[in-house]
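Please keep the sequence and the coordinates in view while reading.

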Amino acid sequence: MAEYNQHFEKALDFINIYQKLVDCHLVDFITEGLWDKCLPERLRSELECIIDTSDDIWTENDTDSELSNFIQLTRSLSLESCPAVTWVDDLTKLLPQSSEGGSIENKLDVRPKSELMNTKKSHEIQVLGKVIAEMALITRSLVIDAGAGKAYLSTYLSEHFNIPVLAIDSSQVCHKGAISRQEKIQKRKRPLTKVRYIVQELDDMTNYNKMVNTHYPDWIVNKNLILTGLHTCGMLVHSVMKAFLRAKDINLLLVVPCCYHLADETLSGRWNFTKNARMLAQQSIERSKHNKHLSPSLFYRAVLQVILHSMGQYRRCRRKYI
């Protein structure tokens, strides 16, 4: 934990130094003069002096330059560089060894294709589902799927790994969709007897133990619960994390958050980031690695910003578009 705290403090120091850059929005590039405002003078001067017109203004071999130092610094502050971060394949090494030996590994080798979902969702469910299944089988745990939506993850765990799952969502529409999807699956396969669907608002004080006791009365709760969520939206991820820290019987937390811009506080309460900063935090680094060119629509939107500004409509429209 100390290593993580040190890494986190360094990241916060970096954000503090480059606050204007973190908070900016590209559609304001011209009207707000972001080039001059957001970049340190030495870095800006170096970029302006680059004559090479190739697509890549920086390569791995570049050394002893402001741009190189900046890139190396940001890389050192990434999660991949944090010594406290464990790779997915190494997670099970942190858990007690199962008495079942290799039988669990054999179960996970079977990867049937998930049904009634698009390709992207199927990929997400299978990747996260394998991790959760391995954890649940080793620790003999019941899984609580917070913000389950249509319960893609819940039914996948129940159907393919026979793991008991409590799928919770606050939406009646999603609840009905989950039930309908279950019925379609059961028409072609065996009944899903180890998954329960309930509608419940979730917050910091949610008593997950009570819900498990109500819907799984035969389950003996004793530090054998896993709390998970795929695309836990906005403030839900805060509630889930706070509940995990408070509950003694939830042994593991496996959560993939999303929609940071909908959160109105940080978990610690120490830092409050702007909406632009939270939107920036959602951008996929992997996607940017494959597509190094910004969308031309951003340039057109920046030009439109100038037109709106010249018409005196800038401030009013800014709230709507950004």
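Patches are made of residues with over 30% relative accessible area and no salt bridge, where like charges are joined within 9 Å and nonpolar side chains (Val, Leu, Ile, Met, Phe, Trp, Tyr) within 5 Å. Accessible areas come from the Shrake-Rupley method with a 1.4 Å probe, and for residues only the protein chains shown count as cover. A salt bridge is a side-chain nitrogen of Lys or Arg within 4 Å of a carboxyl oxygen of Asp or Glu. The model is predicted, so that local features need pLDDT of at least 70 and side-chain atom pairs count only at pLDDT 80 or more, while totals for chains, interfaces and linings use all residues. Residues are numbered from 1 along each chain as its sequence is written, and side-chain values use heavy atoms, with hydrogens and water left out.

The protein chain contains 15 helices and 5 strands; helices (H or I, at least four residues) and strands (E, at least two) are DSSP runs, numbered from the N terminus. Of its 322 residues, 37% count as buried, where buried means under 20% relative accessible area, exposed over 50%, and partly exposed in between (1.4 Å probe, protein chains only). The chain exposes about 20,300 Å², of which carbon and sulfur atoms supply 54%.

On this surface, a nonpolar patch with about 1,100 Å² of accessible area together includes Leu26, Phe29, Ile30, Trp35, Leu294 and Phe299. Its largest share, 6 residues, comes from helix H14 (residues 296-310). Trp35, by contrast, lies in helix H3 (residues 34-38) and counts as partly exposed because its relative accessibility is 31%.

The strands form an open sheet of 5 strands in the order E3-E2-E1-E4-E5, with parallel pairing; two strands pair if DSSP finds at least two bridges between them. Strands E3 (195-199) and E5 (250-258) stand at the edges with a single partner strand each, so one side of each has no neighbour in the sheet. From one strand to the next, the twist averages 15 degrees.

Within the sheet, strand E1 (residues 142-146) and strand E2 (residues 165-169) pair in the parallel sense over 4 bridges. Asp145 has Ala167 in E2 as its bridge partner, and Val143 stands opposite Val165 in E2. How many residues of E2 are buried? The count is 5 of its 5 residues. In a regular strand the side chains alternate between the two faces of the sheet. In E2, Val165, Ala167 and Asp169 are buried on one side, and Leu166 and Ile168 are buried on the other.

Axes are lines fitted to C-alpha atoms, for helices over the stretch in contact (heavy atoms within 4.5 Å), and angles run from 0 to 180 degrees between N-to-C directions.

Helix H7 also carries charged side chains. The structure holds 8 salt bridges, and one of them joins Lys120 and Glu124 (2.6 Å, N to O). These residues are separated by about one helical turn, because they are 4 residues apart in H7. Lys120 is exposed, with a relative accessible area of 56%, whereas Glu124 counts as buried at 16% relative accessibility. Glu124 also forms a salt bridge with Lys121, the closest N and O atoms being 3.8 Å apart.
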